[in-house]
Amino acid sequence: YLLGYFSLDQIKSPQWFLPSLMLTLIRPTMFPVLRNEDLKEMLESNKESLKLEAMKRVVGLIAKGKNASELFPAVVKNVASKNIEDPNQFIRASALRVLSSIRVPIIVPIMMLAIKEAAADLSPYVRKTSAHAIQKLFSLDPDQKEQLIEVIEKLLKDKSTLVAGSVVMAFEEVCPDRIDLIHKNYRKLCNLLVDVEEWGQVVIISMLTRYARTQFTSPWKEGAVFDENNEKTFYDSDSEEKKGQIEAKPYIMDPDHRLLLRNTKPLLQSRNTAVVMSVAQLYWHLAPKHEVSIVTKSLVRLLRSHREVQYIVLQNIATMSIQRKGMFEPFMKSFYVRSTDATHIKTLKLEILTNLANEANISTILREFQTYVKSQDKAFAAATIQAIGRCATNISEVTDTCLNGLVLLLSNRDETVVAESVVVIKKLLQTQPTQHSEIIKHMAKLFDNITVPMARASILWLMGEYCERVPKIAPDVLRKMAKTFTIEEDIVKLQTVNLAAKLYLTNSKQTKLLTQYILNLGKYDQNYDIRDRTRFIRQLIVPSEKNGALNKYARRILLAPKPAPVLESAFKDRDRYQLGTLSHSLNIKATGYQELSDWPAVAPDQSVRNVEVIEPVRNLPSSHTSSYLLACLF
């Protein structure tokens with residue numbers, strides 16, 4: 001038994017062994033094991049010595065692997081209450097930051113009390129930290145929303161620039177729909193905006209953009225006459241006898257609307273790219289159309305930044321350039337592609353150049369595109385060919401020039417360039433098929449040398465669609481496909497079946513046997529789409545007793561005129577998302593995205609933003625408030 005406590009050498013030393021033995025035997029009575037209830041009472045005691053002893057015992061319990069979770073609130077109260085009252089503002093803020101980072105629901109009441117006290121702290125740094133803690137508490141316990149809104153409302157009245165950005169972020173997280181909380185603080189936020197920290201500026205501008213879309217009328221009305229000096233100006237009707245006629249009034253911008261635009265304009269010179277982008281999107285969504293161009297130079301300046309910044313800025317410029325080409329046309333050279341640009345940057349610049357193309361600058365842009373087609377970056381070269389096709393579609397004066405240039409590319413050694421050229425030529429030929437029979441013949445001659453499945457399928461589609469214009473070439477192409485049908489890709493096989501069906505209807509004497517042969521091959525193909533298409537085509541074009549009624553409509557079904565495809569920008573529909581947001585960048589609605597509301601037909605009452613200019617007297621709590629509240633809680 002003794003060897004469990006002492007070594008053999010210790011037992012052999014009587015002068016040491018006897019006192020140690022007595023101490024071991026009486027230890028259980030001198031230091032009794034305390035229950036959790038006893039430790040909790042010690043932690044809640046007013047004596048520091050008892051609290052310290054209890055904390056030591058709690059650490060001992062945890063070291064032995066015993067469950068001490070019941071004592072967690074009492075331990076947190078002792079640690080937090082002392083540090084939150086520390087004279088040093090940084091210690092008080094750090095204590096609140098640590099407390100709000102503990103993700104345990106049981107301490108929510110303590111956290112709430114600490115946030116409320118910190119919101120009234122003398123130090124703006126502590127008040128800023130309390131605004132950050134609001135978001136953490138809300139994510140931990142959303143049921144505390146109403147109490148947190150009260151704290152947010154109090155902090156929104158704070159005049160410190162250090163607090164403004166953080167409390168607006170808390171507002172956006174907890175209660176973004178409570179626009180009424182912003183009314184009285186709108187002008188103050190506008191005036192503080194220039195002095196707020198950069199990331200606070202981004203948050204405030206985003207919030208004020210949403211606010212303005214709900215409180216002001218649209219400055220984009222057609223025929224709007226801007227008269228900001230005289231708010232009572234209006235056009236009288238020519239005849240006062242026409243009582244039912246509505247008087248045409250000029251557009252008068254709300255002074256608060258103008259205040260927002262005026263106070264955000266200096267931020268276009270900010271060194272922070274996010275701030276510049278935020279102001280740009282604000283002007284895009286709120287400013288009169290003739291004022292939006294103010295942001296152009298600032299956005300172009302951002303193109304000298306890192307490629308990550310370039311990517312986001314170019315995405316937004318691509319969206320803007322679709323609706324307002326004139327904004328960026330003077331800076332067209334800024335979007336010329338550099339050899340050091342990454343592929344995704346090159347593609348976006350190419351998109352913007354295509355959007356900016358018009359009759360005046362198309363020759364310059366096409367010369368630039370000729371260089372891009374020779375790029376070693378195959379993906380970029382393919383995108384350039386698509387851009388040429390868009391230019392040819394949008395500007396009729398250069399359609400023939402672009403088409404001839406694309407035909408020359410069919411002799412290129414690069415299969416990717418040839419394949420993309422074939423696909424684009426196919427789309428262009430659909431707009432003017434009667435004028436370009438020679439191009440179709442030229443593509444048929446190159447068919448054997450083209451190996452990319454999409455390009456081969458496009459040529460087969462052209463042969464079938466315009467088979468009556470190349471009556472000698474189309475059957476020969478079908479003959480070649482019959483030989484290689486079994487080794488072709490699925491997309492090529494489908495177009496081969498379509499070509500066979502169309503030639504059967506227009507030139508059955510030459511192609512009847514070929515068509516039956518290809519249909520028999522497709523009937524037993526491994527791909528079920530090809531098998532189904534083959535059975536459908538056979539029943540449609542080959543007359544029989546069962547399908548006599550369907551056979552009458554075969555020509556109307558297969559040879560019906562098709563509408564020409566519309567070559568549009570990939571950014572055409574992105575304007576449905578707010579510029580500068582993650583949703584706009586991804587082109588999908590991201591979690592947490594808040595849509596901009598439509599302009600109200602009639603502006604709400606602007607008097608809700610009026611505030612009496614009276615310096616408020618702040619009654620600050622004493623330094624013992626925290627200890628008293630925490631003691632009452634427990």
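Modeller: Glu-197 is partly exposed, and its relative accessible area is 36%. Please keep in mind throughout that this is a predicted model.

Biologist: With which residue does Glu-197 form a salt bridge?

Modeller: A salt bridge is read from the distance between a side-chain nitrogen of Lys or Arg and a carboxyl oxygen of Asp or Glu, with a cut-off of 4 Å. Here the partner of Glu-197 is Lys-128, and the closest N and O atoms are 2.6 Å apart. Glu-197 lies in the loop between helix H12 (186–192) and helix H13 (198–215), while Lys-128 belongs to helix H8 (residues 124–140), so the pair ties together parts that are 69 residues apart in sequence.

Biologist: Is Lys-128 buried or exposed?

Modeller: Lys-128 is buried, with a relative accessible area of 11%.

Biologist: How many salt bridges does the structure hold?

Modeller: The structure holds 25 salt bridges. One of them joins the side chains of Lys-441 and Glu-438, at 3.7 Å from N to O. Both residues sit in helix H23 (residues 437–445), and being 3 residues apart they are separated by about one helical turn. Lys-441 is partly exposed at 28% relative accessibility, whereas Glu-438 is exposed at 57%.

Biologist: Which residue forms a salt bridge with Arg-456?

Modeller: Arg-456 pairs with Glu-488, and their closest N and O atoms are 2.9 Å apart. This pair links distant parts of the chain, 32 residues apart: Arg-456 is in helix H24 (residues 453–465), and Glu-488 is in the loop between helix H25 (473–484) and helix H26 (490–506). Arg-456 is buried, with a relative accessible area of 10%, and Glu-488 is buried as well, at 13%. Elsewhere, salt bridges that share partners join Arg-187, Asp-254, Asp-256 and Arg-609 into one network.

Biologist: How is a nonpolar patch on the surface to be read, and which residues form it?

Modeller: One looks for nonpolar side chains with over 30% relative accessible area that lie within 5 Å of one another. Leu-550, Tyr-553 and Ile-557 form such a patch, with about 260 Å² of accessible area together. Within it, Tyr-553 counts as partly exposed at 40% relative accessibility. Tyr-553 is placed in the loop between helix H29 (548–551) and helix H30 (554–558).

Biologist: My final subject is contact. Which residues is Glu-359 in contact with, leaving aside its neighbours within four places in sequence?

Modeller: Glu-359 is in contact with Ile-395 and Glu-397, once those neighbours within four places are set aside. The C-alpha atoms of Glu-359 and Glu-397 are separated by 7.6 Å, although the two residues are 38 residues apart along the chain. Glu-359 lies in the loop between helix H18 (343–356) and helix H19 (362–373), and it is exposed, with a relative accessible area of 55%.

Note on methods:
Residues are numbered from 1 along each chain as its sequence is written. This is a predicted model: local features need pLDDT of at least 70, side-chain atom pairs count only at pLDDT 80 or more; totals for chains, interfaces and linings use all residues. Side-chain values use heavy atoms; hydrogens and water are left out. Patches are made of residues with over 30% relative accessible area and no salt bridge: like charges are joined within 9 Å, nonpolar side chains (Val, Leu, Ile, Met, Phe, Trp, Tyr) within 5 Å. Accessible areas come from the Shrake-Rupley method with a 1.4 Å probe; for residues, only the protein chains shown count as cover. Helices (H or I, at least four residues) and strands (E, at least two) are DSSP runs, numbered from the N terminus. Buried means under 20% relative accessible area, exposed over 50%, partly exposed in between (1.4 Å probe, protein chains only). Contact means heavy atoms within 4.5 Å.
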